[in-house]
Structure formats: structure tokens, C-alpha cells
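Dear colleague,

I am passing on the structure below, together with some notes on the ligand site and on a few helices. Please read the notes with the structure open beside them.

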Amino acid sequence: MKVGQVRLRRFANTVANGYFCSVIKFNNSPIMRKKIVAGNWKMNTTVPEGKELAEAIVAKLSTVPSDVQLIIAPPFTHLCCAGKAIKGTSIALSAQNCADQPKGAFTGEVSAAMLKSIDCTYVILGHSERRQYYGETSATLVAKIGLALENGLKPIYCIGEKLEEREAGHHFDVVKAQIEEVLYTLTPEQMSQIVVAYEPVWAIGTGKTATSEQAQEIHAFVRKTIAAKFGQQIADDCSILYGGSCKPSNAKELFAQKDIDGGLIGGASLKADDFVAIAQSY
Ligand code: PGA
């Protein structure tokens, strides 16, 4: 980002004094996209441990810049309890998944309506672990995103290529297909509710992070692909998060990139200090 833009961004943030990342473009309407740091707890912590973690994050919330939206995504069993711990704060609650059916005889599933009824705001959908271990296809994800949106949840839609796909130079094609097959089925109004998380599969839980240049390159491509279908304004307003071994030591450089609007954090979100330090990297 150029110096002038940085100054304008800071000024706009001061004026807004809210949770939106407001970048005033020189020749166009303002860009309103959130800076987001979301913690994906995956299948970790017991309920009491999760409660403690949520409370520890709340205790440090005042050290996080007010324009950064924190989100926690605990397991289903923890949602009510974690929701109580963050109640009255600016931290938002997310689930890690929802069913591809609205309700009925689907043993073990949790519907979007159930999540909404306990004050979830977001739901992570299409995480590579769900695609890989639970066979989630684009068709499943179209159904899940549709139900999430119908129930007033904001999907955090995950995309990203595997190592062999990157090594073969196919990463742009993979990400483009993941966007086209799922997000291109949405209306512009629906698309404006979506957060995208780019997570190269080879960087998830491996300690290997995409370089900030690699991440910026693909984030810009993701935004361009969204703009091609929905127009520049919707693309500019869409928060695109980076995920994959994001930690306090690399967050600053990643978040400084023009098209990186925050992070989806796995391992490092399980320690309140690290999670908050990542959010402080802005
Ligand atoms: P990681 O996971 O930060 O542990 O790599 C990120 C994710 O899978 O969302």
C-alpha cells in the first residue's frame, strides 16, 4: 500500500472508529471491508478449556486495535459456553461447519438454523480438512452456503491448493475453480455477505507459511476473480483472509499486503497471547 493510502486508511479508521477497514480510494467510492482475525480451534480443547481460552481472549481484548474484528470458532459443543464468555464484547462467534440440509433425520448433523439460534454470526465452510477427510464437494458447499445465508450467517469460505497443485503451477486454476463452482452461484447481495479465506493446504499446520509475496499474488487474483463476476465494488468490499501457519512472527508482514485483510488462524489461536498478538500485528 502506498504512503498516501496508508494515511487515508488511518484517517478513515479514526473517523469510523468502528470495526470496518475503510480505505478511501482517490477516484471512486469508499472500500468498506473488515480486518478480521479468526481463530479456528478445530477439534481442540475440552469445554472448560475452551471457556478459559475465550475468557483469556476477552481479558486481552482492549489491547487489540478497535478496527480489527476478532472471531472465535470453537467446536459445536463449546459454542453456547464460549458465546456466553464473549457476550457483550466485540468478539464474534463462528461455527466450523454446518449441515447441507435444513433439518430432519440427519443424525449427528448441526443445522445453520441451530447455529443462528445461539447467536453465531459466522460459519467456516469448505475448509480443506472438510474437503479432504469428509469428501465435501463444490455441490455440498453450494448447499451449505445457501443454508447459512438463508439463516443470516456469514460464511467464511475457504479455498486453497494442495502442494502438488502448486508445484505443478496449477494454484491459480484450482482457486479459480473453487470460486467459480461455489461463489459464482450466488447473487451479488449474497456475495456481499461472504468472507473468503485463502489457505494453501501445504501451509496448514505444517509450520510452512506462504511468503507474503506468494500470498499477496493469490489474494489479488482472488479479488480479481470475484470482481470478474460481481464487479469491483463487491470485490473490494470482500475481506480475504490468509490462513496457514500464521503466527505472531509472520502476521505483520502478511497483513501489510494490500489484498490480505486478516487471518484464519489454527494452531496459534489456541493460545490467547498468540491469538491476540496476531491481531495486534495490524
Ligand atoms: P494453522 O491452521 O494456522 O494451524 O496452519 C489454519 C487453518 O487451518 O485454518
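A backbone N or O atom of glycine 266 lies 2.9 Å from an oxygen atom of the ligand, a polar contact in the sense of a pair of N or O atoms within 3.5 Å. The protein covers 95% of the 280 Å² of accessible area that the ligand has on its own, with areas taken from the Shrake-Rupley method with a 1.4 Å probe.

Please bear in mind that this is a predicted model, in which local features need pLDDT of at least 70 and side-chain atom pairs count only at pLDDT 80 or more, while totals for chains, interfaces and linings use all residues. Residues are numbered from 1 along each chain as its sequence is written, and side-chain values use heavy atoms, with hydrogens and water left out.

Around the ligand there are 13 residues, of which Lys42, His127, Glu199, Gly205 and Ser245 come nearest; a residue is counted here if one of its heavy atoms lies within 4 Å. This shell divides into four nonpolar, seven polar and two charged residues, where Asp, Glu, Lys and Arg count as charged, Ala, Val, Leu, Ile, Met, Phe, Trp, Tyr, Cys and Pro as nonpolar, and the others, Gly among them, as polar.

Lysine 42 places a polar side-chain atom 2.7 Å from an oxygen atom of the ligand, and for asparagine 40 the corresponding distance, again from a polar side-chain atom to a ligand oxygen, is 3.5 Å. Lysine 42 sits in the loop between strand E3 (35-40) and helix H2 (47-60), helices being DSSP runs of H or I with at least four residues and strands runs of E with at least two, numbered from the N terminus. Most residues other than glycine have a negative phi. Lysine 42, however, has a positive phi of about 50°, and threonine 45, which lies in the loop between E3 and H2, has a positive phi near 75°.

Finally, helix H12 (residues 248-255) and helix H13 (residues 272-279) pack at about 20° with their axes 8 Å apart, the axes being lines fitted to C-alpha atoms over the stretch in contact and the angles running from 0 to 180 degrees between N-to-C directions. H12 and H13 are therefore roughly parallel, a term for angles under 35 degrees.

With kind regards

Technical notes:
A polar contact is a pair of N or O atoms within 3.5 Å; within protein, one must be able to donate a hydrogen and the other to accept it, and residues adjacent in sequence count only if both atoms are side-chain atoms. Angles under 35 degrees count as roughly parallel, over 145 as roughly antiparallel, 65 to 115 as roughly perpendicular and the rest as oblique.
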